[in-house]
Amino acid sequence: MANGWAPFIGLVVVAIFCGAAWFLSPKGEEQTIWRSTLILSASAMYLMWAITFLAQMHPLIQPVRNDLRGPEDFQR
């Protein structure tokens, strides 16, 4: 089960990956393109995951149970 630390742990993992992408990208004319592509894609993937994770952790709309009896079910 996920806990509240998951977004922070994911952020650390992505930061390490971005640092590694910065220093380990292949040298040459296209080094900037490699760095930009790897860092931007990792950042975008983290943002999409974090938004989805947090939206499920704190939903805006609560689920509705249909098996509960409401006031209209009582006969007087």
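A residue is called buried when its relative accessible area is under 20%, exposed when it is over 50%, and partly exposed in between, using a 1.4 Å probe and protein chains only. The structure is a predicted model, in which local features need pLDDT of at least 70, side-chain atom pairs count only at pLDDT 80 or more, and totals for chains, interfaces and linings use all residues. Residues are numbered from 1 along each chain as its sequence is written, and side-chain values use heavy atoms, with hydrogens and water left out.

The protein has 2 helices and 0 strands. Helices (H or I, at least four residues) and strands (E, at least two) are DSSP runs, numbered from the N terminus. Of its 76 residues, 17% count as buried. The protein exposes about 6,900 Å², and carbon and sulfur atoms supply 69% of that area; accessible areas come from the Shrake-Rupley method with a 1.4 Å probe, and for residues only the protein chains shown count as cover.

The largest nonpolar core consists of 5 residues: Val 14, Cys 18, Ala 42, Tyr 46 and Ala 50. Such a core is a set of buried Ala, Val, Leu, Ile, Met, Phe, Trp, Tyr and Cys residues joined through side-chain atoms within 4.5 Å. Two or more residues of this core come from each of helix H1 (6–24) and helix H2 (31–57), and H2 gives the most, with 3 residues. Leaving aside neighbours within four places in sequence, Cys 18 is in contact (heavy atoms within 4.5 Å) with Ile 39, Ala 42 and Ser 43.

The loop between H1 and H2 holds Ser 25. Ser 25 counts as buried because its relative accessible area is 4%. Its side chain makes a polar contact of 3.4 Å with the side chain of Arg 35. A polar contact is a pair of N or O atoms within 3.5 Å; within protein, one must be able to donate a hydrogen and the other to accept it, and residues adjacent in sequence count only if both atoms are side-chain atoms. Beyond four places in sequence, Ser 25 is in contact with Ala 20, Gln 31, Trp 34 and Arg 35.

Gln 31 is buried, at 16% relative accessibility, whereas Trp 34 is partly exposed, at 42%. Not counting residues up to four places away in sequence, Gln 31 touches Ser 25 and Pro 26, and Trp 34 touches Ser 25 and Pro 26. Trp 34 lies 13 residues from Ala 21 in sequence, with 8.2 Å between their C-alpha atoms.

Another tryptophan, Trp 5, is in the segment before H1. Trp 5 counts as exposed because its relative accessible area is 59%.
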